[in-house]
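The structure is shown below for reference.

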Amino acid sequence: MIDVHDGPRLDALRSRLRLDPHRLKRLRVQLLKNHRGIERALDELPSELRAEFAAQVRFHHLELVQHRDSEIDGATKLVFRTDDDLRIETVILRARTGRTALCVSSQVGCGVGCDFCATGRLGARRNLTRGEVLDQVVQANTRLASEGRAVRNLVFMGMGEPLHNEAVLHEALESLTQTHCFDLAPAHICVSTVGIPAAMVRLAQRFPRVRLALSLHSARQDVRSRLIPLARHHDLDELRSAVAEVTRVQGQPIMLEHLLLDGLNDGAEDLEALVAWIGDLPVHINLIPYNPIPDAPLLKSTPKPRREAFANELKSRGFRVTLRYSLGADVTAACGQLVRDENRREARR
Ligand code: SF4
C-alpha cells in the first residue's frame, strides 16, 4: 500500500494510472486541507479509477479506540491503536477564543523518563512513522469538521520527545506546512523538547518560523537532572548556547516551559537561577500547573497563589510570562496518563 502522505510514490501511482496531476492534487487538498473525508476526496478522481486508487493507497494509519470529552474545559483525549497493537494519545484543545489546538504524539512511550510524566514511565517503545504522526491530525480534523472547527494550532507535546524522532518530525512538518497538503501556518506549530541542543539548532535552521518550546523546568543543574534524566547529558551552559543560536536564526523568542512543582523548583533560589540563566536571551516564559500522576505521589503542583507570585515577580523583572491553566484535568490529560490506564485495563482483560 502507498502512504497517502508519500508524495513521490503517490505521483508514481498517478502516472501508472494516467491520472491528471491536478486531480491528485485536489484529492489531497480535499482530504488534508479541507477535511472532507476519504469518500469526498475520492470524488475528485474519474469514477473508473476510484476503486483501483483506493485499493492501492493507505489513507489511515491509526485506529481510534477511545475518546474522552472533558466536561469542564473543552478538551478531548483520543486514544489510537497502531498496527502493532500499541496505544498513543492525542488531545484536542478547544480554547474559549474559538481556536482549536491539537497536541500530537511523536513516539510510543518515551526514553527521556521525566520524573513527573506518565509517558516517561512507559519507557521508549518506538518512534511513530510519518503516517502515524500525520493521521492524528487527519482524524482529529475529521472529528472537528462536524463542529465547524479545524485544527489551527499544532503542538508536539504529546507522548515522546519529538527530537528523538527527528527525521519523521521534519517530514511531518514539511507536509503540515505545504499549501497543497495541510497548509498550517508554521508560526502556528510548536515543537516542545526537553533540550537536545544540536537537534534544536537543526530544526530552527530548516523551519525558521516553527516555534520551539524548551521544557526547562529548572535552571539549577541538580534539580533539572533530577526531574529530567536526559539533562545530565546536556548541561545548562550547552543548552543556553543552543537557545542563543536558535533565537538568532529564528529572530523570535523561544518559549520556556516551567512546570511549577511544590517545594522543588518554585522557590526564590529557583527564580534567581532562572533569571540568571536567561540573561539577555529573548524568551517567553510559560508557567504550567502540574497534573499529578499516581506513579509520582510525592510531586505536587505549586498552589495557585504561589504560582501567581512567581509569575508576578518574573513580570516585574521585565520578562514576558504566561501563567497557564491546565486543560483536561478531568480526562487525565497529563501526558501519557490515559494510555497507561488503557494499557493496564488491557492487561487486566
Ligand atoms: S515529559 Fe516529554 S520528554 Fe519527558 S518523559 Fe514525558 S514525553 Fe518524554
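Predicted model: local features only at pLDDT ≥ 70, side-chain atom pairs only at ≥ 80, totals over all residues.

**Domain layout**
- The domain assignment of the protein chain places residues 2-58 in domain 1 and residues 63-348 in domain 2.
- Taken over C-alpha atoms, the centres of domain 1 and domain 2 are 33 Å apart.

**Extent of the interface**
- Contact between the domains involves ten residues of domain 1 and 14 residues of domain 2.
- About 1100 Å² is buried between domain 1 and domain 2, and carbon and sulfur atoms give 55% of this area.
- Of the area that domain 1 buries against domain 2, 50% is supplied by His5, Leu32 and His35, more than by any other three residues.

**Charged and polar pairing**
- Four salt bridges are found by the rule across the interface of domain 1 and domain 2.
- Lys33 forms a salt bridge with Asp183, with 3.2 Å between the closest N and O atoms.

**The side of domain 1 that touches domain 2**
- Helix H2 (residues 21-33) contributes five residues to this side of domain 1, the largest share.
- The residues on this side of domain 1 comprise six charged, two polar and two nonpolar.

Conventions:
Residues numbered from 1 in each chain as written. Heavy atoms only, no water. Domains from an automatic or database assignment. Contact = heavy atoms within 4.5 Å. Buried area = accessible area lost by both parts, 1.4 Å probe. Salt bridge = Lys/Arg side-chain N within 4 Å of Asp/Glu carboxyl O. Helix = DSSP H or I, 4+ residues; strand = E, 2+ residues; numbered from the N terminus. Nonpolar A, V, L, I, M, F, W, Y, C, P; charged D, E, K, R; others polar.
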